[in-house]
Amino acid sequence: MLKSKRIEQIEKYVFEHQTVSLDELVKEFNVSKNTIRRDVQQLVERGTIKKVYGGVAVNHTTLESFTVRQTRNQKQKKAVAKAAAKYVEDGDIIYIDSGTTTLEMVEYLQTKQVTIITNNLDFIINSYPYPNLNVLTTGGVFERKTKSFVSLKNMDILQSYNINKAFMASTGISISNGVTNSSPLESEIKQTIVKRSEQVYLLVDHDKFDKYALMTYCRLDEVDYIITDTSPSEQYQEFAKKHNIQLVIADNEN
């Protein structure tokens with residue numbers, strides 16, 4: 001296995017198990033302890049994991065809280081959410097992903113008659129005043145950092161939903177790594193939703209391009225619409241054209 005691939009797999013393994021010993025990593029990846037130490041050091045320098053007595057653990061301080069992320073690029077997030085909401089029609093069954101941009105959509109769905117499936121606590125609370133919004137929750141374990149419900153024991157619940165449109169969030173996107181997310185606990189839900197949806201709308205502000213987080217939950221060419229606040233580089237425009245992805249630039253002036 002290539003070193004870069006092994007380091008990626010080690011990172012994924014640590015996030016899945018939260019805390020692991022060096023001996024466990026040696027056994028799992030069938031390499032020497034010195035090799036594991038060097039690989040771990042790269043991850044420590046990257047900031048995703050930290051050293052603990054006898055091993056390593058997830059560095060939870062690298063996963064920004066939902067509240068902190070919500071205050072960044074607020075104007076742009078609202079513009080993207082407003083543009084996305086225009087694609088929602090009465091009678092639609094939609095999925096609203098857990099994200100600071102997707103959360104803003106509730107303001108622009110107030111008058112629509114739709115069924116909304118979501119795992120985001122703030123979206124559930126904010127939609128409460130509008131009886132025309134029929135909200136279904138995924139349930140699961142509550143993840144405080146992202147204010148979302150994750151780790152469903154029975155993924156068949158999501159498999160049974162027929163979703164017209166999914167409005168997805170991302171920590172970072174790139175052509176090589178696809179659509180990524182910082183929380184491994186959320187990734188399985190996101191993967192399932194993308195597969196179950198007729199159309200996938202990706203809501204990202206300009207800061208998310210050419211960045212990637214721990215987990216890839218879908219390829220960029222699996223997305224039908226990319227809604228953002230600024231025209232991306234020519235590379236992304238060409239990619240969108242080649243893969244029949246509708247690139248939507250939101251109006252930041254209103």
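Two strands count as paired if DSSP finds at least two bridges between them. The model shown in these views is predicted.

**View 1. The open sheet of seven strands.**
The strand order is E6-E5-E4-E9-E12-E14-E15, and the pairing is parallel. Strand E6 (133-137) and strand E15 (246-249) are at the edges with a single partner strand each, so one side of each has no neighbour in the sheet. From one strand to the next, the twist averages 20°.

**View 2. The pairing of strands E5 and E6.**
Strand E5 (residues 114-118) runs parallel to E6 and is joined to it by five bridges. Within this pair, Thr-115 has Asn-134 of E6 as its bridge partner. In general, the strands of a sheet pair through backbone hydrogen bonds, either parallel or antiparallel.

**View 3. Helix H5 on the sheet.**
Helix H5 (residues 74-85) packs on the sheet. The strands that H5 touches are E9 (163-168), E12 (197-203) and E14 (225-228). The direction of H5 makes about 145° with that of E14.

Nine salt bridges are found in a search of the whole structure. One joins the side chains of Asp-23 and Lys-33, at 2.9 Å from N to O. Asp-23 belongs to helix H2 (residues 22-29) and Lys-33 to helix H3, so the pair ties together parts that are 10 residues apart in sequence.

The side chain of Arg-219 meets that of Asp-221 in a salt bridge of 2.9 Å, N to O. Arg-219 also forms a salt bridge with the side chain of Glu-222, at 3.8 Å from N to O. Asp-221 is partly exposed, at 30% relative accessibility. Glu-222, at 26% relative accessibility, is partly exposed as well.

Side chains of opposite charge can pair when their charged atoms come close.

**View 4. Glu-45 in helix H3.**
Glu-45 is located in helix H3 (residues 33-46). Its relative accessibility is 62%, so Glu-45 counts as exposed, a class that begins over 50%. Between Glu-45 and Lys-112 the C-alpha to C-alpha distance is 48 Å, and the two are 67 residues apart in sequence.

How values were computed. Residues numbered from 1 in each chain as written. Predicted model: local features only at pLDDT ≥ 70, side-chain atom pairs only at ≥ 80, totals over all residues. Heavy atoms only, no water. Helix = DSSP H or I, 4+ residues; strand = E, 2+ residues; numbered from the N terminus. Axes fitted to C-alpha atoms, helices over the stretch in contact; angles between N-to-C directions. Contact = heavy atoms within 4.5 Å. Buried < 20%, exposed > 50% of the residue type's maximum accessible area, 1.4 Å probe, protein only. Salt bridge = Lys/Arg side-chain N within 4 Å of Asp/Glu carboxyl O.
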